[in-house]
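Hello,

Here is the structure I promised to pass on. Please look it over first; my notes follow below.

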Amino acid sequence: MGFAQVGAESGWRTANTKSIQETAKKDGIKLKFSDAQQKQENQIKAIRSYIQQKVDVIAFSPVVETGWDAVLQEAKRAHIPVILTDRAVDSKDTSLYKTFLGSDFVKEGQKAGQWLLDNASTSDVNGDGKINVVEIEGTTGAAPAIDRKKGFEDTIASDSKIKVIASQTGDFTRDGGKQVMEAFLKSQKGIDVLFAHNDDEGLGAIEAIKAAGLTPGKDIKIITIDATHDGMTALSQGEINYIVECNPLLGPQLMDLAKKVVDGKSVPQRVVTEETAFDQAQATAALPTRQY
Ligand code: GYE
């Protein structure tokens, strides 16, 4: 298997890489692994080299949704099956890949929005009758950034008190989250809530909020996605208020699908991973047995 990973941008990604590498080893699958450092051109290069090396199957987590048709057609012409892992592409021709294994990101955004609807009465921290939300988005053009934004914003639209007053990308990193939050704290008045597209951005933002003399989780309510160990720790300490889970442990399902595809067996076009969500008490209960 040739696997073209996005990068090492977040705790989620580190857990995902580990799961893929460990499962390949356990299952006796020879893994060629590359880290694209969040650059599409690097991923395309890696995929081309896997085609040249005539691997049996290519799997990759596309950094952005667009621009994959040419290289996927090259793989198809070389009769090398492709499995999309974690993130989707927007290619109209679905014969360019065998299956897409990963989360339902729209649903994740909806769950984040639903928590805010359910907790609206305690989320108007500034008491001005409106709930001012700032949003730190994931990597621009990435499936999880596009879909989480849509799910969240569609859901909160049913309560006219809740408004997203500013939205910027933090590139799914801690540093990005910190910088964007610093800028929001300077440019925006009366921020009640932060919705960050992943834990790392939220954790970076927490540093900025503390540096501004505010208490994260109280002065600004925080909702994130992933439920990594660091995120869950902050949630259990009350610095984050709600986390929607996104499971990175895709290794076992990926290797299963890969074996089937290589054996010429049929696989479903879409495999959605099972996920939940956590509040403070649930995070405290789940932390001791958390795998990532
Ligand atoms: O939420 C984020 C990571 O594609 C689901 O990428 C993944 C996202 C995840 O950097 O932490």
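One term first: a residue is buried if 20 or more other C-beta atoms lie within 10 Å of its own, exposed if 12 or fewer, and partly exposed in between, with C-beta atoms placed from the backbone. This is a predicted model, in which local features need pLDDT of at least 70, side-chain atom pairs count only at pLDDT 80 or more, and totals for chains, interfaces and linings use all residues. Numbering starts from 1 along each chain as its sequence is written.

Overall build. The protein has 11 helices and 12 strands. Both are DSSP runs, numbered from the N terminus: helices are H or I with at least four residues, strands are E with at least two. The radius of gyration is 20 Å, close to the 19 Å from the globule rule for 292 residues, so the protein is as compact as a globular protein of that length. That radius is taken over C-alpha atoms, and the rule is 2.2 Å times the number of residues to the power 0.38. Of the 292 residues, 51% are buried.

Domains. The assignment gives domain 1 (2-103 + 248-274) and domain 2 (105-245). Such bounds come from an automatic or database domain assignment. The C-alpha centres of the two domains lie 30 Å apart. Contacts link 13 residues of domain 1 with 18 residues of domain 2. Here, contact means C-beta atoms, placed from the backbone, within 7 Å.

Ligand. The shell around the ligand holds 13 residues, and the closest are Ser10, Trp12, Pro144, Phe172 and Asn198. A residue counts as near if its C-beta atom, placed from the backbone, lies within 6 Å of the molecule. Domain 1 and domain 2 each give at least three residues to this shell. Helix α1 (11-26) and strand β9 (221-226) each supply at least two. By class, the shell has five nonpolar, two polar and six charged residues. Nonpolar covers Ala, Val, Leu, Ile, Met, Phe, Trp, Tyr, Cys and Pro; charged covers Asp, Glu, Lys and Arg; the others, Gly among them, are polar.

Backbone. Most residues other than glycine have a negative phi. Asp226, in strand β9, has a positive phi of about 135°. Asp226 is buried, with 30 other C-beta atoms within 10 Å. Ala227 lies in the loop between β9 and α9 (229-236). The phi of Ala227 is positive too, near 70°. Ala227 is buried, with 27 other C-beta atoms within 10 Å.

Best wishes

How values were computed:
Two residues are in contact if their C-beta atoms, placed from the backbone, lie within 7 Å.
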